[in-house]
Each structure stands twice: as C-alpha cells, then as structure tokens.
Amino acid sequence: MPSKRYRLTLTVEGLVHIGDGGKYGKKDYFLTKQGTIAILNAPSFVSKLDHDQLNEYCEFLKKDSRTGLQEYLRRKGLDAVARGARLYTLDARLTRARRGSYQYFDIWRFVKDAHGCPYVPGSSIKGMLRTAILISLIARDRETYEKLYDRGEVLKKRQRTDGDIQRKAFWVGQLDRDGDSAVNDVLRYLSVSDSDPLSVDDLVLAKK
C-alpha cells in the first residue's frame with residue numbers, strides 16, 4: 001500500500017496547554033527588575049554559589065516556608081546571581097495580597113524537547129484528529145451510536161460503552177483474538193510526527 005505524506009499547519013483559536021506532568025512552584029521562579037516572572041535554571045544557579053550559600057539554599061528548599069524564591073533571593077542578596085541563571089522569562093506578573101506579600105501559584109509546565117523548546121507531540125495531534133473524526137461519524141449515524149451509549153448506561157459500564165463506540169467507529173474487522181489490540185484499529189495506518197520546535201517566547205502564563 002503506497003503511503004501519502006501531508007504537512008499540517010495548526011492554527012489555534014485560544015490558549016493550548018500540553019503538559020509534561022510537572023509544575024513550577026513558588027521556589028522555582030522569581031521576578032525580574034521589570035516585574036516579569038523568570039524560571040530559575042537551578043543547576044546553573046547552584047554552580048554560582050559558594051559552599052555556605054549552597055547549604056543555605058538547600059535548607060531553603062527543604063523547608064515548607066510560606067515565602068517564595070523571590071523573598072529568599074532578596075534576603076540573601078542573590079538577585080543578580082539568579083538573573084544570570086534563568087531558563088526563560090514569562091511576560092506575566094505576580095499580584096500582591098493586601099498586606100503586600102506576593103501571591104504565588106503553581107505553574108504547570110508545557111512539554112519540551114531535549115533542548116528545552118516547547119513542541120506539540122504527534123500523539124496529541126492524532127488524538128485531536130481521532131476525536132474530530134469520531135464526532136463526524138456520530139453526527140452522520142446518531143441513532144446507531146445512541147443505541148450503543150444507551151446500552152452501556154443500562155449496564156452501568158461506561159468504559160465498555162466507550163470501547164463499543166470506538167470499535168464501531170474505527171475497527172475494520174476482528175484481525176486477531178485480542179479484543180483490545182490496536183491491530184484492529186483503522187487509525188493504525190496514520191502516523192503523526194511531532195511539531196517543529198517552538199520558542200519559549202511562545203509560552204504565556206494564564207490562570208485557569
């Protein structure tokens with residue numbers, strides 16, 4: 001079977017977040033002179049500290065303090081050192097509480113490649129295409145898919161319902177004995193590569 005290659009241009013209508021499962025806490029970022037948020041490059045920062053400063057920094061990380069990295073750097077006079085050890089900067093600012101203290105929020109990380117550049121994984125795009133195709137198929141034959149859904153509701157087995165709907169939409173036949181095998185799925189013929197690397201300048205900080 002000859003293969004075909006397509007180049008996909010993804011245009012988003014709003015904010016998109018594809019996380020790597022990790023997050024930055026209040027001890028991982030600080031403010032620049034302009035007031036924007038800078039993510040600390042911890043290995044680079046640590047390499048610039050002397051023995052006593054390193055011990056103090058480790059103690060700061062271990063303690064469950066109410067203060068963040070910003071206050072620690074200012075108290076220890078390490079602002080300039082941190083500014084020289086930044087991963088990247090986000091064009092966003094921290095708000096202050098009534099008493100003047102900063103309000104810290106966890107920042108969920110965007111997935112990045114080995115060079116620290118954000119990108120869109122091919123698996124995310126394939127999942128998006130799968131959902132779009134499924135919605136289109138359901139819209140064309142709503143009655144059939146409603147019967148599958150209603151049967152699952154009666155049996156109180158929603159996971160089985162999802163499986164029945166997926167098999168109806170995408171399976172081309174029982175090609176092996178393993179009922180859950182991807183070999184039966186027509187989308188096994190579709191392979192989506194990762195996007196070209198983006199820049200950290202493309203990242204923005206937004207509250208949920």
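This report covers the sheet, the salt bridges, the cysteines and a surface patch of one predicted model.

Residues are numbered from 1 along each chain as its sequence is written, and side-chain values use heavy atoms, with hydrogens and water left out. Because the model is predicted, local features need pLDDT of at least 70 and side-chain atom pairs count only at pLDDT 80 or more, while totals for chains, interfaces and linings use all residues.

**Sheet**

Strands of a sheet pair through backbone hydrogen bonds, either parallel or antiparallel. Here 3 strands form an open sheet, ordered β2-β3-β4, with antiparallel pairing. The edges are β2 (29-31) and β4 (86-90), each of which pairs on one side only. From one strand to the next, the twist averages 30°. Strand β3 covers residues 37-40 and pairs with β4 in the antiparallel sense over 4 bridges. One of the contacts is A38, whose bridge partner in β4 is T89.

Strands (E, at least two residues) and helices (H or I, at least four) are DSSP runs, numbered from the N terminus. Two strands pair if DSSP finds at least two bridges between them.

**Salt bridges**

The whole structure holds 10 salt bridges. The criterion is a side-chain nitrogen of Lys or Arg within 4 Å of a carboxyl oxygen of Asp or Glu. The table lists examples.

| Pair | Closest N and O atoms |
|---|---|
| E56 and K76 | 3.7 Å |
| D185 and R130 | 2.7 Å |

E56 pairs with K76 at 3.7 Å. This pair links distant parts of the chain: E56 sits in helix α2 (residues 51-62) and K76 in helix α3 (residues 69-76), 20 residues apart. E56 is partly exposed at 36% relative accessibility. K76 is also partly exposed, with a relative accessible area of 36%. The classes are buried (under 20% relative accessible area), exposed (over 50%) and partly exposed (in between), with a 1.4 Å probe and protein chains only.

D185 pairs with R130 at 2.7 Å. Again the pair links distant parts of the chain: D185 lies in the segment after α7 (158-170), R130 in helix α5, and 55 residues separate them. D185 is buried, at 10% relative accessible area. R130 is partly exposed at 23%.

D164 is buried, with a relative accessible area of 13%, and R167 is partly exposed at 29%. Salt bridges that share partners join R151, D164 and R167 into one network.

**Cysteines**

A disulfide is a covalent bond between the sulfur atoms of two cysteines. The search of the whole structure finds 0 disulfides, with a cut-off of 2.5 Å between cysteine sulfur atoms. C58 is partly exposed at 35% relative accessible area. C117 is partly exposed at 24%.

**Surface patch**

L10, V12, V16, M128, L129, I133 and L190 make a nonpolar surface patch of about 530 Å². Patches take residues with over 30% relative accessible area and no salt bridge; like charges are joined within 9 Å, and nonpolar side chains (Val, Leu, Ile, Met, Phe, Trp, Tyr) within 5 Å. Areas come from the Shrake-Rupley method with a 1.4 Å probe, and for residues only the protein chains shown count as cover. M128 belongs to helix α5 (residues 122-140). M128 is partly exposed, at 38% relative accessible area.

Terms used:
Axes are lines fitted to C-alpha atoms, for helices over the stretch in contact, and angles run from 0 to 180 degrees between N-to-C directions.
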